[in-house]
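This briefing is meant to be read alongside the sequence and the coordinates. Please keep both in view while going through the points below.

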Amino acid sequence: MKNFAALFTALDQTTKTSLKVAAMAEYFRTASDADKLWCVALFSGRRPKRVITTKLLREWAAQKAGLPLWLFEECYPIVGDLAETINLFLPPAEEHKERSLSNWIKELKHLSTLDEEGRKSGILAAWNTLHRTERFLFIKLLTGGFRIGVSQKLMTRALAQATGQDEAVLTHKLMGNWTPDTTTWVDLIETDDPAADLSRPYPFYLAHGVENLDQLGPTSDWFIDRKWDGIRGQFILRQGEHHLWSRGEDLMTDRFPELAKLRDFLPDGTVIDGEILAFQDEKPMSFNALQKRIGRKTVPKKLLAQTPVILMAYDLLEIDGKDIRHETLEKRRNLLANILKNSPIEAPLRLSSEVIGTTWDDFAKERARSRDLHAEGLMLKRRDSPYRAGRRKGDWWKWKIDPLTVDAVMIYAQAGSGRRANLFTDFTFAVKNGNDLVPFTKAYSGLTDEEFRKITTWVKRNTLQRFGPVRSVSAEHVFEIAFEGIQASPRHKSGIALRFPRMLRWRHDKPMDEINTLDDLKDMLRTYG
Amino acid sequence: MSNLLTFTPEGIYCAAGDFHIDPWLPVPLALITHGHADHSRLGMGAYMATTSAAPVMRHRLGEIKMDTVAYGDVTSINGVDVSFHPAGHVPGSAQIRVAHKGDVWVASGDYKTVDDGLSEPFEPVRCNAFITESTFGLPVFNWTPQDILADQINDWWARNAADGVFSLLSCYALGKAQRLLRAVDPSIAPILTHAAIENTNRIMRGQGIALPDTTLVTPDLDLKAHKGALVLATPSALNSTWARRFKPASSAFASGWMALRGVRRRRAADRGFIMSDHADWNGLNDAIKHTGAERIFVTHGYTSVFSRWLSEQGYDAKVVQTQFDDDAGEDGA
Ligand SMILES: [Zn+2]
Ligand SMILES: [Zn+2]
């Protein structure tokens with residue numbers, strides 16, 4: 001664990017990307033295959049299952065430290081991270097035994113087979129043999145919450161440096177639902193075997209928000225279609241088997257069983273980039289309808305009938321088993337249209353049609369219709385662009401509609417965690433309803449660090465009441481809250497719930513009595529819900 | 001139970017002696033524990049402080065009427081015996097002992113129990129009632145020993161120096177900066193200072209405290225000739241245009257708050273050294289035990305948690321609200 005702890009420390013001790021990549025590359029050059037594989041797994045979000053409840057861990061940490069549990073609970077919100085709190089709370093280890101990262105993970109798996117007493121003695125023994133940073137990482141693994149401030153992209157770059165392989169090839173290799181239990185370092189990274197995993201998706205090409213329309217040149221250079229408001233997905237049909245991947249690299253095949261029908265309509269060796277949409281009467285339903293399907297691993301018949309989904313096809317990445325991502329968008333779209341033209345109406349598949357226009361003004365008008373069509377805006381794609389990997393500027397842009405906004409007053413504040421411990425960053429906002437204030441949403445992003453510091457100082461001095469970590473504050477500061485969608489929610493006092501709420505602006509200029517009302521929100525619900 | 005010291009809107013007050021300790025509003029006579037801005041304020045009729053705390057106070061407060069005393073000397077004020085005892089926080093810092101008719105109270109000001117190699121080391125003082133700070137009064141705060149800290153800082157500086165990189169280290173001007181100067185290895189490379197720190201250095205050298213050579217950063221200083229230097233800056237200077245002249249640079253903070261990863265990351269500095277001029281959890285508990293006091297008044301920090309903890313240990317502990325909790329900016333944390 002020593003060299004993994006050293007890697008973690010090196011990553012933690014610098015804000016410079018180049019140094020982070022160098023530290024990882026060094027690890028990938030020197031660590032054992034088993035450790036490297038686990039490192040790649042951890043850094044790509046493949047965490048071992050949680051071995052023990054955090055409730056028991058807290059109790060054991062307090063016992064081991066000889067301190068009351070309430071004192072632990074007081075420390076936790078201040079430290080902001082459970083594993084770190086436990087680590088700081090515990091006395092230093094009395095002895096040291098070096099065991100590798102993969103060896104410790106093996107130990108975790110062994111512990112998970114034991115009864116509670118066995119787990120406890122195993123964990124206390126581990127706590128007593130690990131140095132500070134090692135112990136912190138061990139507790140992170142224990143709680144199943146291992147997350148590190150390094151993107152998968154940077155890790156892949158380091159892997160490329162260490163192995164001499166192409167970054168895009170490695171990105172491809174790392175996709176899919178492998179775990180260190182189902183593969184080895186040699187099979188995953190070193191072996192070149194494209195047929196090894198037929199389910200393997202291509203990395204998604206992601207667009208940035210458009211910065212300046214004037215610099216895009218003539219509209220005729222651009223293929224423009226709608227940015228549908230569903231779930232981006234990659235549909236793969238190879239050797240009679242189909243797979244559906246989300247952008248977050250989740251396999252969603254079983255969640256949308258109706259798409260299995262596509263096996264009858266599409267030729268083998270086809271990969272389509274598209275959007276999963278709830279769809280009825282030849283129209284997309286609102287995202288709220290689709291939301292009922294998200295997160296359900298098995299779908300009841302009734303729901304399947306109420307909210308059927310389709311794949312709205314944007315792009316074709318593979319045809320007849322051949323990767324065609326290097327071809328121009330125009331060519332790929334023609335091939336896609338050709339495949340789809342014979343598919344019958346009952347096939348849960350549609351072609352995302354081109355939005356037609358001549359001037360950017362024409363497209364601005366089309367964009368303005370987005371919300372009525374349940375779309376999020378327009379996608380601008382250069383006609384001669386290849387299908388790239390990851391988020392890149394230049395060839396593809398998204399031109400989203402402006403978010404919905406309301407002006408609301410802050411009434412509760414809570415300290416953040418991790419990087420934002422000791423700062424108040426999580427706020428609850430209210431709108432007016434007659435003379436009352438009705439809380440309707442929380443938001444915790446959108447302000448600058450400087451603004452968070454200011455509001456933190458203000459919260460400290462204007463706290464009315466404390467409820468554990470939450471403080472009620474005097475209703476004074478008005479914020480413009482932006483959000484992407486609104487839906488009815490009987491669980492909330494206000495009767496509504498927002499999608500992606502965030503603070504757009506701190507409205508120093510706006511007095512408290514000019515904020516929006518609950519009736520305004522209900523109007524929005526009627527219009528956009 | 002008698003209350004020799006009470007807590008008033010002006011600050012800690014001794015009615016029998018008619019004086020205040022570290023007051024934040026103007027009063028006729030103020031006994032000052034140490035020169036940090038949240039304890040030593042302008043506008044008092046007269047001041048009393050230790051001989052070694054006085055020069056910095058005079059520099060910061062200007063023309064003031066001040067009596068100075070040596071550690072341990074007893075002065076009688078209106079029949080109340082007062083004396084100053086080392087608090088180990090910064091040079092000249094004191095716990096103030098107040099005794100009257102057999103009742104003994106001690107106001108700790110800020111303190112730390114480990115020897116920092118700069119300040120007069122902390123001395124426990126027996127008393128009936130102890131007013132303690134609690135800046136780091138949680139068991140998650142356990143300081144790194146000074147020699148290991150010095151190694152960490154020297155190692156960071158030496159690596160940067162070898163790469164021709166400036167080591168930009170942020171610290172409080174009074175106490176922390178000089179403690180760092182005495183802990184680092186001046187043979188690694190030159191040491192540069194921000195004016196707020198250099199002013200304090202000059203005063204301390206003047207009172208006989210040995211510090212390594214430092215160079216004040218001025219607009220015409222040849223930075224190329226000082227590549228790899230250690231640059232001591234105040235926290236506010238580190239985020240200003242002042243700091244941008246040092247390129248390339250690695251940045252660091254030296255503070256007890258660096259014990260928390262979240263705080264360290266929020267500062268967006270490359271390194272965080274866990275160096276505090278306040279007592280850690282064990283330091284606070286040991287110090288309180290050694291006073292022998294039954295009554296404990298907890299100020300300045302995690303007051304409610306720490307006083308609940310002390311109550312469970314059998315002390316008669318109470319929270320005292322102070323204005324120190326405001327972000328006065330400087331307390332040597
Ligand atoms: Zn202080
Ligand atoms: Zn202080």
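What follows covers two metal sites in chain B and one helix in chain A, grouped by topic.

The model is predicted. In chain B, B:D110 bridges the zinc ion (ligand 1) and the zinc ion (ligand 2), which lie 3.6 Å apart.

**Zinc ion (ligand 1)**
- The protein donors are B:D38 (OD), B:H39 (NE2), B:D110 (OD) and B:H300 (NE2), at 2.1 to 2.7 Å from the zinc ion (ligand 1), and their spacing in sequence is D-H-x70-D-x189-H.
- The arrangement is irregular because the four donor atoms subtend angles of 84 to 150° around this ion.

**Zinc ion (ligand 2)**
- The angles among the four donor atoms run from 91 to 165°, and the site is irregular.
- Along the chain the donor residues follow the spacing H-x1-H-x52-H-x20-D.
- B:H36 lies in the loop between β4 (29-31) and β5 (46-50) of chain B, and B:D110 in the loop between β10 (103-107) and β11 (129-134), so the pair ties together parts that are 74 residues apart in sequence.
- Both B:H36 and B:D110 are buried.

**Helix α15 of chain A**
- Helix α15 (residues 329-340) has 12 residues and reaches 16 Å from its first C-alpha to its last, close to the 16 Å expected.
- Its buried residues are A:L329, A:R332, A:R333, A:L336, A:I339 and A:L340.
- These residues cover an arc of only 120° around the axis, which puts them on the same side of α15(A).
- They pack against strands of chain A, including β2 (222-228), β7 (309-319) and β11 (390-400).

Notes:
Residues numbered from 1 in each chain as written. Chains lettered and ligands numbered in written order. Predicted model: local features only at pLDDT ≥ 70, side-chain atom pairs only at ≥ 80, totals over all residues. Heavy atoms only, no water. Helix = DSSP H or I, 4+ residues; strand = E, 2+ residues; numbered from the N terminus. Expected span 1.5 Å × (residues − 1). Buried < 20%, exposed > 50% of the residue type's maximum accessible area, 1.4 Å probe, protein only. Arc of directions from axis to C-beta. Contact = heavy atoms within 4.5 Å. Donors = N, O, S within 2.8 Å, 3.2 Å for Na, K, Ca; no water. Tetrahedral: all angles 85-135°; square planar, octahedral: opposite > 155°, others 65-115°.
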